[in-house]
Amino acid sequence: MIRIATWNINGVKARIENLCQWLKDASPDIACLQEIKSVDEAFPRGEIEALGYHVETHGQKGFNGVALLSRMRPDEINRGLPGDETDEQARFIEGVFTIGPRAIRVCSLYLPNGNPIDTEKYPYKLRWMDRLRTFATGRLQLEEPLILAGDYNVIPEPIDCHDPAVWANDALFLPQTRSAFREQENLGLTDALRATTAAAKIYTFWDYQAGAWQKNNGIRIDHLLLSPEAADRLLSVAVDKHVRAWEKPSDHVPVIGSFDF
DNA sequence: ATGGTCGATATTCGA
């Protein structure tokens with residue numbers, strides 16, 4: 001069994017203790033991280049390598065930044081989402097891994113938040129989603145197991161948030177945002193958690209403010225999207241909710257898919 | 001009661 005996880009850690013330097021504890025507890029084979037908020041040179045790779053992981057990062061100063069941690073050495077790493085050479089935000093890294101007889105592609109992505117919606121940030125989000133759709137279209141033609149894992153900053157359906165009314169005019173829940181996410185799914189990509197449980201009130205993010213965690217005022221925005229070749233091998237999906245109650249938590253929690261690769 | 005809270009960084013921005 002292979003376990004592939006995604007976790008927005010909201011700053012790797014502030015989260016290194018929690019990250020190492022979680023890696024020991026959950027022991028994922030591949031972990032996709034977002035919001036490392038670090039340049040590659042400052043990423044605390046030593047502590048993670050000591051736990052038996054290879055570390056590949058695509059960082060930048062101050063904000064954003066993604067990483068791939070893996071038990072096995074990647075055969076190939078690609079940094080940056082194709083489709084806009086002028087985009088300097090570090091939000092995408094792809095790794096190709098050999099597991100048994102097959103190649104598996106895993107991407108760690110940090111989709112733009114898009115707020116406030118009356119600024120350039122929202123069109124940037126929609127353009128980024130369009131680039132992701134183009135990328136996925138090409139990769140699906142390979143007919144390989146593909147896992148697009150990350151913080152999508154998309155609440156797919158009303159049941160994926162505590163109170164849909166408060167999100168009505170938010171970039172994470174606008175009709176255009178949800179429509180663009182459905183376009184992704186309609187390419188043939190499966191939302192792994194939704195495919196294995198139709199239950200409401202499963203969240204992956206709780207704001208630091210206003211006691212959101214204590215009130216279970218959360219949203220589900222961290223997703224694993226699977227090609228048919230990966231979806232056919234999916235066994236289960238877990239949300240590691242307990243780490244949100246740890247000291248000095250990230251505002252997101254890990255989502256882990258188990259596969260019989 | 002028109003805030004609230006984090007992280008990285010610089011005394012503000014992004015979320």
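How many cavities of 30 Å³ or more does the count come to, and which residues line the largest cavity?

Author: The model is a predicted one, in which local features need pLDDT of at least 70 and side-chain atom pairs count only at pLDDT 80 or more, while totals for chains, interfaces and linings use all residues. Residues are numbered from 1 along each chain as its sequence is written, chains are lettered from A and ligands numbered from 1 in the order in which they are written, and side-chain values use heavy atoms, with hydrogens and water left out.

The count comes to one cavity of 30 Å³ or more, a cavity being a set of points, on a 1 Å grid over the protein atoms alone, where a 1.4 Å probe fits but cannot get out. The largest cavity holds about 30 Å³ of space, the volume being that filled by probe spheres set on grid points that are joined across faces, edges and corners.

Around the largest cavity stand D191, A192, L193, R220, D222, H223, L224, V237 and V255, each lining residue having an atom within 4 Å of a point. Helix α5 (192-196) and strand β12 (222-226) each supply at least two residues of this lining, and β12 gives the largest share, three residues; helices (H or I, at least four residues) and strands (E, at least two) are DSSP runs numbered from the N terminus. By class, the lining has five nonpolar, one polar and three charged residues, where Ala, Val, Leu, Ile, Met, Phe, Trp, Tyr, Cys and Pro count as nonpolar, Asp, Glu, Lys and Arg as charged, and the others, Gly among them, as polar.

Two of the lining residues, D191 and R220, also form a salt bridge, with the closest N and O atoms 2.9 Å apart; a salt bridge is a side-chain nitrogen of Lys or Arg within 4 Å of a carboxyl oxygen of Asp or Glu. This pair links distant parts of the chain, since D191 lies in strand β9 (residues 190-191) and R220 in the loop between β11 and β12, 29 residues apart. Both D191 and R220 are buried, where buried means under 20% relative accessible area, exposed over 50%, and partly exposed in between (1.4 Å probe, protein chains only).

R220 has a salt bridge with D160 as well, the closest N and O atoms being 2.8 Å apart. D160 lies in the loop between β8 (146-151) and α4 (175-186) and R220 in the loop between β11 (218-219) and β12, so this pair ties together parts that are 60 residues apart in sequence. D160 counts as buried at 1% relative accessibility, and R220 does at 0%.

Conventions:
1 Å grid on protein atoms, 1.4 Å probe; cavity = no way out; pocket = protein on both sides within 12 Å on 5 of 7 lines; lining within 4 Å.
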